[in-house]
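Dear colleague,

Please find below the structure that I am handing over to you. My notes on what was found in it follow directly after.

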Amino acid sequence: MKIFFTLVFILLSHTTFATEQAEEIFAQLTPSLYQIKLIDKASGEKSSIGSGFQISKEGIIATNYHVISSYARHPEKYRIEYLDHQGNTAEVDLVSVDVINDLALVKRQVNGDMPYFKLSDTKPIKGEKLFALGNPHDLGMIVVPGTYNGLKKESFNERIHFTGSINSGMSGGPVVNKSEQVVGINVATSGNQIGFLVPHEKLVKLFYDYNKEAPEDIKQQMAAQLFSNQNKLMKALLTNTWQSKELAGKAMFPVIKVPFIRCWGDSNADKKDALILAAIANCSLDENTYLSSHFFTGSVEIEFRYMQAKNLSDNKFYHLYQKQIARAGTGNRAGKDDVSEYQCNHDLITPVSTANTSKTITNKSVFCTRAYKDFPGLFDVLYLGASVDKNQQALVSHFTLAGVSQENAMAFTGKFMEAVSWK
Amino acid sequence: MEVAMKVNTEAMKDAQVGNTETEPAIPVSSDDLPIEQGEIIIEEITRNHKLLHRHRLKQNNITIGRNYQNDIILTDPHICPQHLSLNYSQDVWCINDNNSVNGTSLENKECKKQDGNQQVLNDGDVIVLGKSQLRILFKSHSVVDTIAFSPFESLIDLIRHPVAVLTSIALFILITANIAYLNQPTEINISQLFVSAFSMSLLFALWPAAVALVSHLTKHDPRILAQLGISFTFFILMWLSDLLEEIIAFNSASNSVLGLIIALVPISLAFSLFWLNSYIGFHVSSKRRIVVALSITILLFGGSYLLQYSKKPEFNPHPQYSATIMAPSYLIAPSNSVDSFIEQSNALFEQANKAAQQD
């Protein structure tokens with residue numbers, strides 16, 4: 001019993017200590033905290049909100065790209081405004097973005113020296129107490145205590161795993177350590193106290209680059225960032241080992257040995273009345289790049305599906321099989337203003353297998369691509385291979401890549417096609 | 001005198017043939033020329049110029065009207081009891097309106113309408129009285145050439161044989177049941193398949209039945225067996241062309257010319273079906289038959305194309321590709337290498353760029 005009380009006491013005192021610390025931090029930092037509002041010019045009302053914080057005495061405010069994404073895509077329709085702790089509002093200019101890490105810099109007019117957030121020089125350590133600041137759901141500025149839990153496992157673009165409540169509207173707000181230095185920027189949540197932050201190094205780099213040379217055109221800056229990010233991603237995918245794995249003991253498919261591509265599996269072996277036995281292996285990149293609320297890019301999806309007929313005629317098996325492959329969808333969301341319609345072709349292909357040379361596969365192969373309107377040179381691609389050489393068995397190999405160059409897309413397609421075969 | 005007498009007896013004989021109730025002909029004076037006997041064909045026709053009755057009259061005076069003393073009795077209430085009379089003299093027929101209430105008008109071959117009273121009749125003229133029409137023809141009226149039996153006739157004879165009709169319907173039911181079986185993703189029992197296939201064949205039988213009904217209504221021979229046989233034979237042929245199209249789509253790469261050509265087969269099949277339907281069901285000129293068959297074909301395919309086109313969204317975010325696959329036994333074409341596919345696909349990027357710049 002004594003131990004229990006001691007524990008409760010310790011916990012209580014700890015919370016009190018934390019609360020005091022939070023109050024102190026909030027009081028000191030609040031003049032440099034802002035709510036960032038996107039105002040629709042035609043209606044004069046705000047269309048989206050987020051948080052931001054000042055990082056230089058000249059009036060540079062950091063926030064998330066996704067808070068101001070509508071302005072970045074359609075500057076003629078919106079304007080960006082800040083709202084400070086005293087209720088003052090004024091327009092700000094968008095000066096630089098990092099679309100891959102979801103960061104943006106806006107600049108406000110300043111009259112004299114102003115207090116601002118210091119960016120930390122060091123990374124936090126696992127278990128360290130951090131404080132997230134922001135304005136959730138337009139309810140007013142708050143401070144949320146939480147814990148640093150290292151970087152998100154297996155991510156391609158690093159994110160900090162923060163245990164603490166991050167809510168919408170807090171996006172773009174800073175996360176500080178006990179010495180009030182910024183170590184991360186609120187960016188996303190998966191609910192239940194799991195929040196994600198952009199590591200502060202990304203902001204340091206963006207701010208450094210901005211000071212060295214401010215970008216001339218935001219769209220061009222975004223295009224360059226998207227282009228180099230896909231080069232980095234595709235290089236990692238193409239140069240790492242493609243390990244050959246068995247699917248249902250009958251087919252060979254490649255698994256790319258990179259930590260950020262994760263695979264899942266499923267089959268219908270438990271369904272006795274199914275006419276076709278199916279086994280599915282599914283690998284994908286868990287993250288994507290936000291461009292606007294209806295336009296995402298940077299996703300990678302790979303799927304293999306093995307099918308075996310159970311007491312079916314060949315014709316019926318192929319009829320049902322055709323239905324399975326008739327509607328391959330896209331991997332990312334994009335609208336009329338963002339991309340062209342898909343252009344497709346198809347042919348019968350027998351690739352020279354790199355995995356199992358004697359057991360080649362003959363596929364009906366379909367390739368589709370669509371071009372980005374605002375970012376020339378980037379494409380979404382889709383490939384679908386459906387085996388047509390076995391009477392009672394089928395293997396579907398499929399992938400989608402979003403926002404890649406033609407060269408990378410074709411290199412990946414060629415390598416992918418040759419990595420699939422029968423066992 | 002002798003000569004005149006001879007002529008008179010001949011005239012009398014003629015008169016007896018034309019009208020047995022006439023009084024014995026009064027011998028005409030020897031100075032007059034014998035009176036020539038008029039002969040006329042009067043057709044009662046509908047407003048669409050369809051024949052109702054045909055009268056052949058050999059007399060010089062013809063009365064037409066509603067009462068029972070007339071030579072031609074018409075029941076149309078808009079016609080007067082003694083509406084009009086036709087008189088033959090000096091080689092011409094004249095029309096006389098007896099002050100009828102609704103009058104009489106005359107339409108000649110050039111479709112010119114004029115008042116009918118005291119007019120000279122020509123071959124092919126149409127008399128309009130009340131709401132009825134009479135077409136006047138003389139025995140010298142020329143008829144169109146005889147139409148020889150076309151080779152279709154023997155084909156139709158073969159197809160309309162009850163055994164052939166039953167066979168084609170049975171084959172159609174089998175094909176429909178097979179298609180339903182292939183498309184069913186779960187287990188299905190045979191009786192269920194055949195019930196739905198049978199109802200499908202009933203549905204498809206509506207078309208030949210409708211054609212036969214229309215030809216019956218338009219006073220033609222319905223020939224229902226021939227219509228059924230021809231229609232079901234063509235439904236089977238269309239299924240075959242579908243199969244052929246599928247095999248070609250499966251074996252060919254995109255943009256193949258063969259795929260485009262094969263798309264024309266169902267259209268020409270539909271045209272042939274409609275042409276034969278009209279050939280069996282209606283006696284119309286060949287030009288008209290082609291026009292009718294062509295219009296139905298255009299209506300059918302153009303309509304379905306328009307329907308598809310109107311449903312097409314302004315922007316389709318999903319890829320549209322041909323994913324026709326068939327069992328390996330249908331695989332005829334050789335397959336290509338990855339390099340050729342990559343080369344082919346490279347061209348798509350240029351297309352996509354163009355499409356992106358367009359709007």
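I begin with a loop residue of chain A. Ala248(A) counts as buried, because 20 C-beta neighbours lie inside 10 Å. Please bear in mind throughout that this is a predicted model. Ala248(A) is situated in the loop that links β14 (242-247) to β15 (251-256) of chain A. Its phi is near 55 degrees, a positive value in a residue other than glycine. As background, most residues other than glycine have a negative phi.

A second residue of this kind is Asn192(A), which has a positive phi of about 45 degrees although it is not a glycine. Asn192(A) belongs to the loop between β12 (181-189) and β13 (194-199) of chain A. Is Asn192(A) buried or exposed? Asn192(A) counts as exposed, because it has 8 C-beta neighbours inside 10 Å.

Next, the strands of chain A. Strand β16 (residues 261-267) of chain A pairs with strand β17 (residues 276-285) of chain A in the antiparallel sense, over seven bridges. Within this pairing, Arg262(A) has Ser284(A) of β17(A) as its bridge partner. β17(A) also pairs with strand β20 (residues 300-309) of chain A, again in the antiparallel sense and over nine bridges. Here Ala281(A) is found opposite Phe304(A) of β20(A).

In chain B, an open sheet is formed by five strands in the order β4-β3-β5-β6-β9, with mixed pairing. Its edge strands are β4 (72-73) and β9 (119-120) of chain B, each of which pairs on one side only. Strand β3 (residues 61-65) of chain B runs parallel to β4(B), and two bridges join them. Gly65(B) has Ile73(B) in β4(B) as its bridge partner.

Phe274(B) is placed in helix α7 (residues 264-281) of chain B. Phe274(B) counts as buried because 23 C-beta neighbours lie inside 10 Å. Leaving aside residues up to four places away in sequence, Phe274(B) touches Ala293(B), Ile296(B) and Thr297(B). Ala209(B) is 65 residues from Phe274(B) along the chain, and the C-alpha atoms of the two are separated by 13 Å.

I turn now to the meeting of the two chains. How many residues of chain A are in contact with chain B? There are 54, and they are in contact with 41 residues of chain B. On the side of chain A that touches chain B, the elements giving two or more residues are α5 (314-325), β21 (343-349), β22 (363-371), β23 (379-387) and α6 of chain A. The largest share, nine residues, comes from α5(A). By type, the residues on this side of chain A divide into 25 nonpolar, 17 polar and 12 charged.

One helix pair spans the two chains. The axes of helix α6 (residues 406-418) of chain A and helix α9 (residues 338-358) of chain B come within 10 Å and cross at roughly 150 degrees. α6(A) is therefore roughly antiparallel to α9(B). Their crossing is right-handed. α6(A) contributes Gln406(A), Met410(A), Thr413(A), Gly414(A), Met417(A) and Glu418(A) to the contact, while α9(B) contributes Val338(B), Ile342(B), Ser345(B), Asn346(B) and Phe349(B). The residues of this contact divide into five nonpolar, five polar and one charged.

Yours sincerely

Definitions and conventions. Residues are numbered from 1 along each chain as its sequence is written. Chains are lettered from A and ligands numbered from 1 in the order in which they are written. This is a predicted model: local features need pLDDT of at least 70, side-chain atom pairs count only at pLDDT 80 or more; totals for chains, interfaces and linings use all residues. Axes are lines fitted to C-alpha atoms, for helices over the stretch in contact, and angles run from 0 to 180 degrees between N-to-C directions. Helices (H or I, at least four residues) and strands (E, at least two) are DSSP runs, numbered from the N terminus. Angles under 35 degrees count as roughly parallel, over 145 as roughly antiparallel, 65 to 115 as roughly perpendicular and the rest as oblique. A crossing is left-handed if the near helix is turned anticlockwise from the far one by less than a right angle, and right-handed if clockwise. Two residues are in contact if their C-beta atoms, placed from the backbone, lie within 7 Å. Ala, Val, Leu, Ile, Met, Phe, Trp, Tyr, Cys and Pro count as nonpolar, Asp, Glu, Lys and Arg as charged, and the others, Gly among them, as polar. A residue is buried if 20 or more other C-beta atoms lie within 10 Å of its own, exposed if 12 or fewer, and partly exposed in between; C-beta atoms are placed from the backbone. Two strands pair if DSSP finds at least two bridges between them.
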